[in-house]
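Dear colleague,

I am passing on a structure for you to look over, and my notes on it come after the model itself.

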Amino acid sequence: MYLADCHLHSRVSPDAGDSMTTLAEAAIAAGLDELCFTDHVEPIVWASTDLRGPYDWSALAAEFDAAQAAAGDRIKLRLGIELGDACWDFAHTEKLLADAPPLDFIIGSVHMLSKRYGGLDLYYFDPKTEEEAYDGVADYLGQVKELAEWGKFDVLGHLTLPLRYLNENRGWNLSMDRFGSEITDIFAILNRKGIGIELNTNRGNTPLPDEKWLRLYKDMAAEPIITLGTDAHTPDFVGRAVQERQALLRECGFKRFCTFERRKPVWHDL
């Protein structure tokens, strides 16, 4: 069994504090074969809606080089990014990416609601009624659809992310069931563009997306492209539930998953 974690954050991200070297050592201790760092890159300043200046790619590259030197041949390390909320300003996002070093992998994701909500981060979205909650989910999926149409990334990250915050943090018991048409449309766009999805292990909590949507994606995709990642922000979550989520993929009918090298999928049997 090939074990890879293709979504985690080091101190290069504003919401994490450990070095890539520390995270790589945690991955080695957890028995992983491969690790892809995916620190946050957004067109806006963290915790605001102001456009950011140039991204410090040199800091990212230096951190990665140090981790590679420390890890040696004990694990395969890849350098990627989580490209968040590009739909806030696609043109500015493309300017940021133009200066990027060679990357192995780009996750496209949405964390913020639209301008209608003032760009509110989902983490802070605190609806008072179920309908308000579902209105927010609908807004989020609208942003995801825009991102998919733009399509300059490799896989769509944590499709059902609102459930992490609404259910796990806010105590709701919501599902994405009423949004089957919207999710089907998103999958159709991704398939047309040759973009995959991520199975986010959610650090051992409810997978994002869960079984229902994994089965739909598998049935819709001529060649399902799917990666696994924990979204770890600390060493203790590196590799968490990756084996269990491989089992889930097998149950859903997947035969293989992939990692990425220089933006191309590398396949691994389940």
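This is a predicted model: local features need pLDDT of at least 70, side-chain atom pairs count only at pLDDT 80 or more; totals for chains, interfaces and linings use all residues.

I begin with helix α1 (residues 20-29) and helix α2 (residues 57-71), whose axes come within 8 Å and cross at roughly 40 degrees. That angle makes α1 oblique to α2, and the crossing of the two is right-handed. On the α1 side the contact is made by Met 20, Thr 21, Glu 25 and Ile 28, while α2 contributes Leu 60, Glu 63, Phe 64, Ala 66, Ala 67, Ala 70 and Ala 71. Sorted by class, the residues in the contact of α1 with α2 comprise 8 nonpolar, 1 polar and 2 charged.

The other pair is helix α4 (residues 130-150) and helix α6 (residues 180-193), with axes that come within 9 Å and cross at roughly 15 degrees; α4 and α6 are therefore roughly parallel to each other, and their crossing is left-handed. Residues of α4 that meet α6 include Leu 141, Val 144 and Trp 150, and among those they meet in α6 are Ile 183, Ile 186 and Leu 190. The contact of α4 with α6 has 8 nonpolar and 6 charged residues, with no polar ones.

Finally, the largest pocket holds about 670 Å³ of space and is lined by 29 residues, of which Asp 15, Trp 46, Asp 121, Tyr 123 and Tyr 165 lie nearest its centre. Helix α5 (residues 162-169) supplies the largest share of this lining, 4 residues, and by class the lining has 9 nonpolar, 11 polar and 9 charged residues.

With best wishes

Key: Residues are numbered from 1 along each chain as its sequence is written. Side-chain values use heavy atoms; hydrogens and water are left out. Axes are lines fitted to C-alpha atoms, for helices over the stretch in contact, and angles run from 0 to 180 degrees between N-to-C directions. Angles under 35 degrees count as roughly parallel, over 145 as roughly antiparallel, 65 to 115 as roughly perpendicular and the rest as oblique. A crossing is left-handed if the near helix is turned anticlockwise from the far one by less than a right angle, and right-handed if clockwise. Contact means heavy atoms within 4.5 Å. Ala, Val, Leu, Ile, Met, Phe, Trp, Tyr, Cys and Pro count as nonpolar, Asp, Glu, Lys and Arg as charged, and the others, Gly among them, as polar. On a 1 Å grid over the protein atoms alone, a cavity is a set of points where a 1.4 Å probe fits but cannot get out, and a pocket is an open set with protein on both sides within 12 Å along at least five of seven lines; lining residues have an atom within 4 Å of a point. Grid points are joined across faces, edges and corners, and a volume is the space filled by probe spheres set on the points.
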